[in-house]
Structures are given as structure tokens and as C-alpha cells.
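Let us walk through this structure step by step.

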Amino acid sequence: GVDRIAPQPLPRIEATVAKPVLTPLQKRTRLAKRTLAARGLVEAVTWSFIAREEAELFGGGDPRLALANPIASDLSDMRPSLLPGLLRAAQRNADRGFGDVALFEVGQTFASDEPEGQSVKAAAVRRGTARAAGVGRHWDGGAVAADAFDAKALGLLTALGVPTGGLQVVPGGPPWFHPGRSGTLQFGPKGVVGAFGEVHPQVLKALDLKGPLVAFEITLEALPAPKAKPTKSKPKLALSDFQPVTRDFAFVVGRDVAAADIVRAAQGAERQLVAGIEVFDVYEGAGIEPDRKSVAIAVTLQPTE
């Protein structure tokens with residue numbers, strides 16, 4: 001009987017802080033979902049299996065990733081990317097009258113049948129007018145379709161604590177992106193972390209999708225670890241009592257010169273004085289040689305003394 005169980009004293013509770021149990025990847029996965037949802041995207045959970053033809057369009061099709069007993073003919077291979085499922089989901093919404101959709105997913109992808117071939121990625125697609133600034137038509141202006149810049153995922157990297165000082169945006173991306181309207185995010189040639197841009201028209205045709213569709217995909221495991229914050233740190237930037245000054249500068253350079261190189265050079269001119277730089281104009285045409293362009297930047301100078 002229960003009355004025969006000897007009473008035991010209550011366990012002693014130590015007043016200590018519990019040790020963290022989540023891995024950095026688990027923390028990034030949760031933070032990535034919350035960040036993308038806060039940016040107006042709706043989470044989708046798609047199948048981890050896709051058709052062989054779709055897998056081949058997105059760099060897959062390895063025979064080792066074919067299922068021995070698929071539940072359907074169009075779910076025969078493990079997915080190499082999250083984008084096929086998201087693109088299909090966006091089109092299903094469009095077929096039912098919801099054309100302006102923005103969807104994201106954070107999940108596993110498979111490059112081989114070994115544990116090392118699995119990776120966690122974050123991906124999102126925007127269709128129609130589902131831009132980051134707003135969705136649909138408005139009385140003060142016409143509806144503007146989402147473009148490659150709406151798919152740029154720098155905000156996600158910043159939210160994940162990734163230092164973006166050394167991040168490079170290289171024109172062009174994987175074959176499933178439009179070659180002239182896409183970019184690759186990398187920390188050096190061997191540190192590719194993701195890509196963004198418009199989906200290639202041939203891919204849309206092969207999947208029977210109607211655009212415009214823009215997307216991005218980032219491999220969370222490829223992101224550099226955040227820098228450890230010292231327990232005792234002094235403030236790096238004190239509020240200045242002086243008025244900031246903004247000046248515009250225009251530079252005529254070759255067409256192959258990236259705007260990011262100009263911004264980086266201007267920032268390095270005087271790091272203690274330059275508080276912000278913004279590219280606000282790129283001009284090519286009359287008055288400029290055919291192989292050159294004019295890039296204008298606004299520089300904010302903030303004196304401290």
C-alpha cells in the first residue's frame with residue numbers, strides 16, 4: 001500500500017543558474033525562425049522528399065539520395081535545397097487566389113547519405129508584391145513586384161550575430177538563380193554561406209511556376225561563430241555633443257568596380273570621423289564614357305572633439 005512507502009525529505013535546491021543545454025546551431029535555428037517571422041514571412045513546413053527532376057534542378061539527383069520505397073512518385077529523392085518545396089507552396093497559394101505570399105522555412109537538406117552531408121538551412125521566397133516594405137496595392141502608388149534586393153538576407157545575418165564586416169556580395173549565384181539578378185554571400189572564396197536573387201526563368205518553366213519569384217537560402221552551419229563578448233568592456237562609441245555633417249561625393253569609376261569597394265575605401269579614410277556611408281545614386285549615360293559609371297555616396301561625419 002501507499003501507506004507503507006517511507007516518507008522522504010524534499011530535495012535540496014541549490015540557488016545556481018542552470019547551465020545552457022542548447023547548442024549554438026539550435027539557438028541559431030530558433031532565432032532564425034523568429035527573425036524571419038518578424039520580417040513579415042510566414043513559416044512553411046514542406047516535405048523533405050521531392051521529385052528527381054526537381055532535385056536535379058537544384059544541384060541534387062545523387063542516386064544515393066533516392067528513396068528505396070517512396071510514398072509517391074513525386075517524392076522520390078531527399079531534397080538538396082529548401083527552395084523547391086517553398087516555390088511549390090507559393091504557387092499553390094497563387095492558384096487559390098493568394099498571389100502575394102512570403103514564405104520561409106528552416107530545416108534539413110541533404111547533399112549525401114552520410115551524416116556529414118546533412119546541413120541546416122534557412123530559406124525564403126517572395127512572390128508578386130510581397131516585399132519587405134509591404135504587400136499589395138496602395139492608393140499612393142502602384143504595386144511594385146519583389147526584386148532581388150528584397151531577398152537579400154543581410155538582416156538575418158545581423159540578427160544571428162554574424163559579423164558582416166568581412167562579408168562579400170559577389171554578383172551571380174547558383175544555376176537556379178538568374179545570372180544577372182542574383183548574388184552570392186561569402187566570407188572569402190571558400191567561405192560561401194548562401195545566395196539570393198530572382199529564380200531563373202528556365203527553372204520557373206520547368207516547375208510550371210509563374211513569377212516573379214525571388215528567394216534566398218543560407219546554410220546556418222557555414223556561418224562564422226559570433227565573437228565572444230568580454231565580461232567587462234568599455235563603451236566603444238560615446239554620444240557626441242557636436243552636430244554631424246553629411247556630404248555627398250561622386251566618383252567616376254569603371255563599370256566593373258563594385259559599390260561595396262567604394263564604400264569600404266571611404267570608410268577606411270578616417271574611421272574615427274566617418275559615422276555612416278550610403279550609396280544613393282549610380283549613373284550611366286550622357287557625359288560618362290561607355291565603360292565607366294558614376295557612383296554617388298552620402299558620408300556622415302561625426303566629430304567627437
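The count here is 2 aromatic pairs. Rings of Phe, Tyr and Trp (its six-membered ring) pair if their centres lie within 6.5 Å; planes under 30 degrees apart are stacked, over 60 edge-to-face, and the rest tilted. Phe58 and Trp176 form a tilted pair, 5.6 Å centre to centre with 40° between the planes. Phe58 sits in the loop between α2 (52–57) and β3 (77–78), and Trp176 in the loop between β6 (168–171) and β7 (177–186), so the pair ties together parts 118 residues apart in sequence. Helices (H or I, at least four residues) and strands (E, at least two) are DSSP runs, numbered from the N terminus.

The model is predicted: local features need pLDDT of at least 70, side-chain atom pairs count only at pLDDT 80 or more, and totals for chains, interfaces and linings use all residues. Residues are numbered from 1 along each chain as its sequence is written, and side-chain values use heavy atoms, without hydrogens and water.

Phe58 is buried at 3%. Trp176 is buried at 16%.

Now take α1. Its buried residues are Arg28, Thr29, Ala32, Thr35 and Leu36. Just after α1, Gly40 takes a positive phi of about 90°.

Notes. Buried < 20%, exposed > 50% of the residue type's maximum accessible area, 1.4 Å probe, protein only.
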